[in-house]
Amino acid sequence: MKAPTSRYVKTDDGISIGYQVFGSGPYDLLINEGWMGNIDANWDMPENVGFYEALSRQARVIAFDRRGWGISDRSSDPDQVAIEKGMDDMRAVLDAVGSERPVVFGFEAGAAVSLLFAASYPERVAALILLAPIVRSSPDEDFPWGYSPAQVAEMSSRIESQWGTPEFWDWNMTLMGVPNVPADELERWARWSRLCASPSAALAIDRAEAQIDVRALLPTIRVPTLVLLKHGDRNSPYGAAPYGAAPWVAGEIPGARFVELPGPEHWIDAKDVRAFEEIDAFVVQIQTNEADLDRYLATVLFTDIVDSTAQGAALGDRAWSDIRAKHDQIVRSNLTRFRGREIKTMGDGFLATFDGPVRGVRCAEAIAEQVQPLGIEIRAGLHTGEITLVGDDIAGIGVAIGARVGAKARPSEVLVSQTVKDLVVGSSLSFEDAGEHELKGVPDRWRLYRVKSLSES
């Protein structure tokens with residue numbers, strides 16, 4: 001897979017953040033890296049490339065370097081690379097690529113940034129996937145996971161004396177459960193780390209992450225969450241590392257699911273088929289649930305001007321355009337009066353919805369009566385049923401039935417389905433049986449009813 005082109009976006013406080021977009025799957029997946037990274041140099045690492053390729057087959061992937069490392073603006077000040085700043089970086093990148101509600105993948109400290117973002121902007125997050133999440137860096141009385149002061153001091157010492165060297169990575173790989181790494185691979189990691197950050201920048205990042213504590217956010221998370229941990233992280237050579245808290249983290253987030261993945265390594269790559277299966281199944285379930293939530297019961301109204309083509313030809317473009325404008329004004333004023341929602345115009349008609357069938361019928365009656373002085377007539381049809389939101393439009397069998405009922409109406413007639421008639425029992429509306437009909441594309445035969453005006457009742 002060819003490395004994508006990197007771009008820049010500026011945050012509200014003027015920091016330049018580098019990002020990439022690749023893949024063409026059906027949903028957006030934003031990757032929030034852990035300790036550090038470099039979105040250009042990441043493509044030189046086979047482990048990263050395999051990971052990216054696997055994800056790109058499932059999603060449109062958004063990768064970025066948070067401030068402080070990689071190709072983004074750097075700083076040696078820990079306050080400038082705090083996780084709160086990373087949240088601002090995320091928002092700027094999502095806005096730049098036009099991603100409204102991505103699935104957010106957070107690794108290590110990137111999980112803390114992701115949690116903070118999801119708690120602050122739940123409407124911007126479809127779901128969270130947290131791999132080896134760090135929610136607090138050091139242990140305390142009720143949190144046994146984390147780095148001891150001695151371990152923190154050792155990491156700082158090694159960054160200052162060995163940063164960007166194979167010796168540092170030989171030590172660090174052993175901590176991550178991958179001992180005896182070949183020398184050429186250690187050199188690749190050493191070069192990668194030099195491209196990620198200078199020693200002072202790496203030290204600032206490490207000191208900022210040592211202050212992480214987002215435990216209080218966990219019960220407030222209201223988006224679907226999947227927490228992943230590799231089996232090897234259960235027994236980290238670095239003692240009770242903070243990512244060992246993953247099962248506890250899942251338990252603290254309402255409705256979260258925890259999955260332990262096989263393998264000794266700390267990260268996941270292309271060979272971790274189980275990880276990608278879990279991610280795919282998780283996202284598919286979310287999409288299914290969201291589609292269910294986008295369905296609701298509504299009364300659908302279709303209106304259409306009778307013989308509009310012939311009338312337009314007889315009157316001429318200018319006169320017909322004027323009548324059409326007055327017709328549209330009458331329809332819209334009545335939709336406002338009866339609390340209808342205009343969905344769209346279709347040729348010479350309207351599609352609208354109502355949260356109550358009585359208002360829908362009364363609106364159709366008013367429109368049919370008020371357009372007659374214009375020398376035109378409409379036909380109208382109504383059905384109450386389940387519909388699905390599709391952006392600003394609606395779809396579903398309920399919409400199809402409403403359209404077919406409207407097509408059966410005669411000039412100045414308002415037809416309704418049996419469902420509408422049954423739901424308005426007790427109102428002042430009265431109906432006349434219009435017989436059984438076959439509705440094109442809709443199973444079974446349907447009994448329809450003509451709305452009787454007050455003068456007929």
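A: The expected span is 1.5 Å times one less than the number of residues; helices (H or I, at least four residues) and strands (E, at least two) are DSSP runs, numbered from the N terminus. This is a predicted model, in which local features need pLDDT of at least 70, side-chain atom pairs count only at pLDDT 80 or more, and totals for chains, interfaces and linings use all residues. Residues are numbered from 1 along each chain as its sequence is written, and side-chain values use heavy atoms, with hydrogens and water left out.

Q: Which residues in H2 are buried?

A: Buried means under 20% relative accessible area (1.4 Å probe, protein chains only). In H2, the buried residues include Ile83, Met87, Met90 and Leu94.

Q: What do the buried residues of H2 pack against?

A: Contact means heavy atoms within 4.5 Å. Among the partners are strand E1 (7-10), strand E5 (103-107) and helix H3 (109-120).

Q: At what angle do H2 and H3 pack?

A: Axes are lines fitted to C-alpha atoms, for helices over the stretch in contact, and angles run from 0 to 180 degrees between N-to-C directions. The angle between H2 and H3 is about 70 degrees, with their axes 9 Å apart. H2 is therefore roughly perpendicular to H3, a term for angles of 65 to 115 degrees.

Methods. Buried means under 20% relative accessible area, exposed over 50%, partly exposed in between (1.4 Å probe, protein chains only). Angles under 35 degrees count as roughly parallel, over 145 as roughly antiparallel, 65 to 115 as roughly perpendicular and the rest as oblique.
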